[in-house]
Amino acid sequence: MMQDGTQQLSQYLRSLYSMPEDILQEGINLFQAVQVPKGAFLFREGMICRELAFVHYGLLRAFSLREDGRELSSCFAMEHDFACDYNSLIHSVPASKSIQALEDCQLMVITHHNLQQLQDRYPAWQHMGKILADKEFIEKERWANRLRLDNAAERYQYILEEQPGLINRVPVNQLASYLGMTTRTLSRVRKALCRQQ
């Protein structure tokens with residue numbers, strides 16, 4: 001399995017940016033294959049995130065706890081996604097969210113220390129880091145705008161079109177939280193869409 005994860009990570013990074021193969025390989029070799037069982041946490045809110053994880057297979061959820069104790073899902077990471085708390089990772093400050101495995105996962109993980117050394121040594125890896133950070137920022141901004149401007153049906157339709165894999169893999173209450181609606185509203189939206197088909 002480790003070789004598969006390494007190959008998948010290599011292919012994904014090559015699709016984002018072309019760098020000399022030996023430099024790419026040197027970085028890939030710093031990633032370790034890690035098994036994370038369903039229900040386990042990569043880290044919890046308030047801890048410092050010290051690793052960047054690439055999902056080879058499985059599903060992760062990022063969430064924060066509200067003052068009333070409810071969980072607010074902010075992100076899901078599945079195959080070919082990276083997961084961490086970027087602010088915590090880069091600045092060594094307490095994470096503003098927890099990341100938990102919703103399924104048994106295999107991750108390819110690199111420590112912040114190793115990533116930093118790699119980026120200090122090779123401008124190509126520094127550029128790769130910028131590409132990944134920009135991609136993350138754009139996706140978060142796009143989703144924040146959808147939560148602000150789209151109605152419930154439009155948000156659900158977007159997920160159906162852009163991330164259909166989430167629909168059957170995420171518990172309804174967590175999906176509703178991510179979509180910024182109650183489970184009742186999500187149920188109503190789903191029924192309305194079924195009637196239209």
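Is S92 buried, exposed or partly exposed? S92 is partly exposed, with a relative accessible area of 41%; buried means under 20%, exposed over 50%, and partly exposed in between, using a 1.4 Å probe and protein chains only.

1. Basis of the model. This is a predicted model, in which local features need pLDDT of at least 70, side-chain atom pairs count only at pLDDT 80 or more, and totals for chains, interfaces and linings use all residues. Residues are numbered from 1 along each chain as its sequence is written, and side-chain values use heavy atoms, with hydrogens and water left out.

2. Overall form. The protein chain has 9 helices and 8 strands, taken as DSSP runs (H or I of at least four residues for helices, E of at least two for strands) and numbered from the N terminus. The C-alpha trace spans about 55 × 35 × 30 Å along its principal axes.

3. Of the 197 residues in the protein chain, 42% are buried. Among contacts (heavy atoms within 4.5 Å) with a separation of 6 or more, 70% join residues 24 or more positions apart.

4. Nonpolar cores. A nonpolar core is a set of buried Ala, Val, Leu, Ile, Met, Phe, Trp, Tyr and Cys residues joined through side-chain atoms within 4.5 Å. The largest has 38 residues, and L9, L13, L52, L60, F82, L107 and W125 touch the most other members. Strand β8 (residues 105-111) gives the largest share of this core, 5 residues. Apart from it lies another core of 20 residues, including L59, Y158, I159 and V170. Leaving out residues up to four places away in sequence, L60 touches residues including L42, V55, C75, A83, I99 and L107.

5. Cavity. The whole structure holds 1 cavity of 30 Å³ or more. On a 1 Å grid over the protein atoms alone, a cavity is a set of points where a 1.4 Å probe fits but cannot get out, whereas a pocket is an open set with protein on both sides within 12 Å along at least five of seven lines; lining residues have an atom within 4 Å of a point. Grid points are joined across faces, edges and corners, and a volume is the space filled by probe spheres set on the points. The largest cavity has about 90 Å³ of space. Its lining has 14 residues, with C75, F82, A83, C84 and I99 nearest the centre.

6. The largest pocket has about 600 Å³ of space. Among its 23 lining residues, C75, F76, D81, E139 and Q163 are the closest to its centre. Helix α5 gives the most to this lining, with 8 residues, while β5, α5 and α6 (152-162) each supply at least two.

7. Backbone points to check. H80, in the loop between β5 and β6, has a positive phi of about 75 degrees although it is not a glycine. At 36% relative accessibility, H80 counts as partly exposed. S92 lies in the loop between α3 (86-91) and β7 (98-101), and its phi is near 55 degrees, a positive value in a residue other than glycine.
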